[in-house]
Amino acid sequence: LMNLRWVHAVLIMFSAALAVLFGVWCLGLYWHGHGVGTLFAAVAAFAASCGLVAYDSWFLRKTRSLR
C-alpha cells in the first residue's frame, strides 16, 4: 500500500506526463496552421512539465526522512 508521500509523487508525475501530452497536441495543432497561440501553449506545457518533474524530485528528496 502506498503512503501519502508516494501518492503525491505519482500524481505529480502523471501531471507532468499530461502536460507533455498537451504540449504534443498543441504542436500538432500548430503544424496544421492553427496560429502561433498553440505554439506558445506547447512551450508553456513543456516548461510546466519540466517544473513539475523538478518539483517532484525536490519533494522526494525533502521528504526522504519521513515515514
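This is a predicted model: local features need pLDDT of at least 70, side-chain atom pairs count only at pLDDT 80 or more; totals for chains, interfaces and linings use all residues.
Student: What do the pLDDT limits apply to, and how are residues numbered?
Tutor: Local features need pLDDT of at least 70 and side-chain atom pairs 80 or more, while totals for chains, interfaces and linings use all residues. Residues are numbered from 1 along each chain as its sequence is written, and side-chain values use heavy atoms, with hydrogens and water left out.

Student: How far does H1 reach?
Tutor: H1, with 28 residues, reaches 41 Å from first C-alpha to last, close to the expected 40 Å. Helices here are DSSP runs of H or I, at least four residues, numbered from the N terminus; the expected span is 1.5 Å times one less than the number of residues.

Student: And the ends of H2, how far apart?
Tutor: The end C-alpha atoms of H2 (residues 36-62) are 39 Å apart, which agrees with the 39 Å that its 27 residues should span.

Student: Which residues of H2 are buried?
Tutor: Among them are Thr 38, Ala 42, Asp 56 and Phe 59, buried meaning under 20% relative accessible area (1.4 Å probe, protein chains only), exposed over 50% and partly exposed in between.

Student: What do they pack against?
Tutor: Helix H1 (4-31). In H1, the buried residues include Arg 5, Ala 9 and Cys 26.

Student: Is Leu 11 buried or exposed?
Tutor: Exposed, because its relative accessibility is 51%. Leu 11 is found in helix H1.

Student: What comes just after H1?
Tutor: Gly 33, which takes a positive phi of about 85°.

Terms used: Helices (H or I, at least four residues) and strands (E, at least two) are DSSP runs, numbered from the N terminus. Contact means heavy atoms within 4.5 Å.
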